[in-house]
Each structure stands twice: as structure tokens, then as C-alpha cells.
Amino acid sequence: MVKVMAVNAGSSSLKFQLINMPSEEVITSGLVERIGQEVGNFVIKVNGEKIQTQTPIPDHQVAVDLLLNALVDHHIVESLEEIDAVGHRVVHGGEDFDDSVVVDEEAVKKVADLSELAPLHNPANIIGYKAFKEALPDHVGHVFVFDTAFHQTLDKERYLYPLPLEYYTDLKVRKYGAHGTSHKYVSQQAIEMLGNPKESRIIVCHLGNGASVSAVQDGKCIDTSMGFTPLAGVMMGTRSGDVDPSVMPYLCKKLNKTADEVLEIYNKKSGMLGISGISSDSRDIENALFNEGNERALLTGLLYARIVSKYIGQYYAELGGCDAICFTAGVGENAAYLRRLIIDNVSRAFGVFLDEELNSIRSDENRVISHQYSQIKVMVIPTNEEVMIARDTVRLLDL
């Protein structure tokens, strides 16, 4: 048995699992969330019980320190020497990486160079790696697992933008996608739940603070909503998703801001936060909607659902039909009212219907929530990017 720490650093969160491999037994798991907000939240499981701490967590470095200290303080490990390897989620690997890779100086440099394509993520991923590298013994191996790798199977007509072709050939401007580790895991789980058919058409809705939708045919990704950077696609917690490119120069002139300053607004002040004026967290918006009747909270939910459902319709067409629509990640797994709004938007066109009782149930298990007469199965599949990260870490380090 080897102990692998699987680290999944998002733009405002850090999920982790310490996993015994190859049995895939989870020793402990937890989440640091609301990183960068006024009050952060740290949760870790100790002997099956969740211990929660609310404290300011200004950045990812503090989040990593909290995690490592907690492992020893709660005697989950007696020392950090017990950790054999660490697998790190990295959002953007560009065209340099179509698979995970053992970390070396060259890999770190490439990931850093790609930060302009994922400014909220790649720097956080590197911070996480360096913090673990410094805290753990030198013999501990590290692996980068790339969110973009699963999407490297896109055909050229799906990843190219209709710009002068030399912008791709010379500057590598193209669609890369993100959340690939999650899309791969969830689509594999869905295929198993369908009985492992030779042919399958899966639409995965990874809806968290970051969000993306993918079309997976026979286990291979053929299209996805995120693009050159994780800013594109559907509306997210603080990110705008798709916006008419002409809005950028218009806002620059009207607000007397640079393109970088407006891009900062697109990335950090838009999405759910920008529309609701309440929060980037869907739980806060849901509370404002159902407990206060807040009109902007209602508008946020309706807009969010409409945008996601448009991508479902697009991918239904690309796949030539659909066997399963899967919801995953924090919003997708927990926001029943948003799942209902999304499916309601496509129900008449595609003959897909939820079972309201099943949709209302909260569970950590894979489950079908569609009505028995629905022509497409609707599933909630809790993502487990950490297991995928641990598998690749063991494979590449030959543990």
C-alpha cells in the first residue's frame, strides 16, 4: 500500500483526499473553500466525522498549510513522512500535455508559461505544488494531472476558432477546454450505469464555481464549452462565460479601463456574483431566493439554467441524440432547483423529465433522478477527480 495525496486546487477552493493505493481506500478527505473571501471554511474528516473551522483564508498557500498541519494534529498521519506521492490537478496544459506527467523543472515552467490561459488556476496549482514539495521529503514524487488532457481528442473543426489560421499555427489560439479529469470520471461512471454499452452519448454538466459542459461519445470527448481559457462557455460563480467580443472595447471606452482591467471584471466580478449582486456561491443565492424572495436571485437562477440548457441542446445535436445527462460538482450535485430549471428548458424538445422526489434527495451516491418514462436518463454523479489523480500518480511513478 502507498499513500497518495490527491490535490485539487480550484480558483477559490482546495479539495483533497489522502488515498491508499491501489485499493483506493480514502484515509481522509476535506475541502478548503471560499479562499480569498472574508471568511473561509476548512473541513476535514477525522475518524469519519467532519471537523469544520471557519477562519480567514486569504490565499492558497494558507490553505495548504492548514491541510498539512491538520493531518499531523489529528493524527491522521504521525508525520508527513508517511505520504508517498502527491498528484496535483493542473487546469491548463495547452497542447504540451495530452497526458499526466511526472513533475520536473521543465513541467513547472511550462505550467507557469500557460498561466495567462488560466490566470485563476495555474498559479494556484503551482503554489500548491511548491508548498507540498517544500513540506514533504525529497523522495516524494509529484505528478501533474491536466484538466485539458481529456479534451485533446477534439477534432480540428471543433477546437479551431474562425480567426486567421496563423493565429492557431503560430500562436496556438484554439479551444482547450477544462475540468477534463471530472468529465472523464463522470462519463466513465455514466457508461457503467448504462450497462457498459459499446456505443454511448453522454452530456456531462460540471457545474461548480467554475462550470463546463461536455459531449462524450463512446467515452471520447468530442466537444466542450470552455475554450482558450476557463473563462469561456457557461455562466459561472464569478466568471461571465461567453460574451460578445465587442463588449470588451465598448466597456474599455465607457469605463476608461484597460483590456486587462475589463478582463479582471469578466473573471472575478461577473457570473452569479455580477447578476445577483449577492454572492458567487449558489447556496447564498438559493437562500436569498427561497427565504427572501430576492428578484435578482431569481434572475440569476433563470439565466444560469437557460445558458446551460442551450449547451445541452447544442451537444444533443452534435451527438445525434443522448443517452444520459449527468450533473456533477458542487452546484450540479446539490442545487436541485437549478437541475429542475435546466431540465425544464429541454424537456419538451428531448422528452426528458425529472422525478421530482428523486431530484430532491441529497446523497453522495451515484443516482438516476429522471422519471421512468423519460427518454433520456438524468443522473447525479458526484465527481471524484481525486481518485483519477491518484490513479495517474501511481501509474506514472510506478508505485
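This is a predicted model: local features need pLDDT of at least 70, side-chain atom pairs count only at pLDDT 80 or more; totals for chains, interfaces and linings use all residues.
Colleague: Why is Asp147 called buried?

Modeller: The relative accessibility of Asp147 is 0%, and since buried means under 20% relative accessible area, Asp147 counts as buried. Asp147 is found in the loop between strand S8 (141-146) and H4, and a record, an unreviewed UniProt entry, places the feature "active site" at Asp147.

Colleague: Which residues is Asp147 in contact with, leaving aside its neighbours within four places in sequence?

Modeller: With those neighbours left aside, the contacts of Asp147 are Arg89, Val90, Val91, Ala178, His179, Gly180, Thr181 and Glu385.

Colleague: Why is Tyr161 called partly exposed?

Modeller: Tyr161 has a relative accessible area of 31%, and because buried means under 20% and exposed means over 50%, with partly exposed in between, Tyr161 is partly exposed. Tyr161 lies in the loop between helix H4 (156-159) and helix H5 (166-169), and together with Leu163, Tyr167 and Leu171 it makes a nonpolar surface patch of about 390 Å².

Colleague: What makes up the largest nonpolar core?

Modeller: That core has 43 residues, and those with the most contacts inside it are Cys205, Leu207, Tyr304 and Val308. Among the elements that give two or more residues to this core are strand S9 (201-207), helix H11 (295-319) and helix H13 (336-350), while the largest share, eight residues, comes from H11. Leaving aside its neighbours within four places in sequence, Val308 is in contact with Cys205, Leu207, Val213, Val234 and Ile342. A second, separate core of 27 residues includes Leu18, Val86, Ala131 and Phe132.

Technical notes:
Residues are numbered from 1 along each chain as its sequence is written. Side-chain values use heavy atoms; hydrogens and water are left out. A nonpolar core is a set of buried Ala, Val, Leu, Ile, Met, Phe, Trp, Tyr and Cys residues joined through side-chain atoms within 4.5 Å. Buried means under 20% relative accessible area, exposed over 50%, partly exposed in between (1.4 Å probe, protein chains only). Helices (H or I, at least four residues) and strands (E, at least two) are DSSP runs, numbered from the N terminus. Contact means heavy atoms within 4.5 Å. Patches are made of residues with over 30% relative accessible area and no salt bridge: like charges are joined within 9 Å, nonpolar side chains (Val, Leu, Ile, Met, Phe, Trp, Tyr) within 5 Å. Accessible areas come from the Shrake-Rupley method with a 1.4 Å probe; for residues, only the protein chains shown count as cover. A salt bridge is a side-chain nitrogen of Lys or Arg within 4 Å of a carboxyl oxygen of Asp or Glu. UniProt positions are given in the numbering used here, feature names are shortened, and annotations may be inferred rather than shown by experiment.
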